[in-house]
Amino acid sequence: MKSLYFASHKIWPLNSGARLRDYQLAQQLAVRSSVTFVEMLPASEGHQDPPGDAVLADIVTLEKDETYSLSKIVKGLAGPVPLTVLNCWSPQSASQLADVLRFRQFDTVQVEGVHLMEYLPIIQDAPGSPAIIVDWHNIESEIMWRYAKTTRNWAKKIAAGRTARLIERAEGRLLETCATHTVTSERERRKLLARYPGANIRVIPNGVDFGYYSGKGIADACSRSGQQESNPTILFVGSMDYHANIDAAIWFTRTVWPEIARNHPGLQFTIVGRDPGPEVRALASDRIHVTGTVDDVRPFYASALAAIAPLRSGSGTRLKILEAMAAGVPVVSTRLGAEGIEVEDGVHLLLADTGPEIAAAVHRIASSEETRSRLSQAARGLVRKVYDWSAIGNELCALHEDLVESRSVSSLCKVS
């Protein structure tokens, strides 16, 4: 089986949830098939090769225009195509993709999200008519609707509401156009089926490399980094150029952290994630650390008393929660933050939505070794059983193989 894996970003480094999901799924698919990974990046960025243990057959780079240009913003605000889709489209990329499909025949093509839907006609016209799978990292319209609801900036609220409506229409066309879709949770599957009952939608959850976050893996990472043991920390990990994480970091620091800091003078708060803007960097103080981009997040889990996910907007399932659970670090999350992960409150993590509830949950973990141990063991057991990438990869490979087999049977029937 030959598969093309088409993503709207560069394959490496793995400094966002989208890159991590795409790299891991492509790697798992490549164990049982020949996978060509097609990445997209502006000419101003350079391609970076993944480590030598990558088993992909090839990586093809498509050049795309700079995102959020003035012309694209105007078109996104005034035209029928959402800005998020316009950001990924360029005639040059379309031509390059057509050449890849013309000269290499694929059995399946996996398309990563609604952002790439303008390329579907090219894929549908490819030689051999490959089966197409659309992978939804999130329901993008849901993210935008939630942002429109939470932002206090009226100009952003109006723009987000219009963009959400455009994305919702685009998602509807995507559900009608493509026969097979994958989502990260059963909640998202039900939500999309309510909009388009006839769609074939499978759940391929986010996952984690369980061995990578083992005690030995974390110890080895600490040794290589030279990072010394520090005071116990409350840890928040996430891309700090993503609006939902920015909002969560600021809200937690201003609303929740002061009470935790008063009750636990030995605790520190560490924010780990790429590209923090001025508003996040301004949160730093003697007991609050903002790291920016790090090569390896594992040393930070070594000193973490708890990991938090205080999200109030966004969508999808949070890979960072799964990573913390695999690392044996107790998690405190809002219900929205843990959305889509099959966890039980009080067993695998602690769920809390308001500032006082989150502060109380952190206090509960900080004050009880028994609570920390119980949550850690249950969470690691769940992740190992359900969310390890190898098990998830088996499900994805089976889906690709089923589609190829069904198309082969269909072709035989037509010949007969």
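How many bridges join E6 to strand E7 (residues 200-203)? Four bridges join these strands, which run parallel. Helices (H or I, at least four residues) and strands (E, at least two) are DSSP runs, numbered from the N terminus.

This is a predicted model, in which local features need pLDDT of at least 70 and side-chain atom pairs count only at pLDDT 80 or more, while totals for chains, interfaces and linings use all residues. Residues are numbered from 1 along each chain as its sequence is written, and side-chain values use heavy atoms, with hydrogens and water left out.

**The sheet.** Select the strands of the open sheet: there are seven, in the order E3-E2-E1-E4-E5-E6-E7, with parallel pairing. Two strands pair if DSSP finds at least two bridges between them. Strand E3 (58-64) and E7 are the edge strands, each pairing on one side only. On average, neighbouring strands of this sheet are turned by 20° against each other, direction ignored. Angles run from 0 to 180 degrees between N-to-C directions, and axes are lines fitted to C-alpha atoms, for helices over the stretch in contact.

**Strand E6.** Now select residues 180-183, which form E6. Thr180 and Thr182 point one way and His181 and Val183 the other way; all are buried (under 20% relative accessible area, with a 1.4 Å probe and protein chains only). E6 pairs in the parallel sense with strand E5 (residues 131-135) over three bridges. Threonine 182 is the bridge partner of aspartate 135, and in E7 the bridge partner of threonine 182 is arginine 202. Threonine 180 has asparagine 200 as its bridge partner in E7.

**Helix H8.** H8 lies across E6 and E7, running at about 170° to E7.

**Helices H6 and H7.** Select residues 140-150 (H6) and 154-177 (H7), which pack at an angle of about 165° with their axes 8 Å apart. That makes H6 roughly antiparallel to H7 (an angle over 145 degrees). Residues of H6 that meet H7 include Met144 and Trp145; contact means heavy atoms within 4.5 Å.

**Threonine 371.** Last, select threonine 371 in helix H15 (residues 369-386). Is threonine 371 buried or exposed? Threonine 371 is buried, with a relative accessible area of 6%. Not counting residues up to four places away in sequence, threonine 371 touches Arg364 and Ile365.

Definitions and conventions: Buried means under 20% relative accessible area, exposed over 50%, partly exposed in between (1.4 Å probe, protein chains only). Angles under 35 degrees count as roughly parallel, over 145 as roughly antiparallel, 65 to 115 as roughly perpendicular and the rest as oblique.
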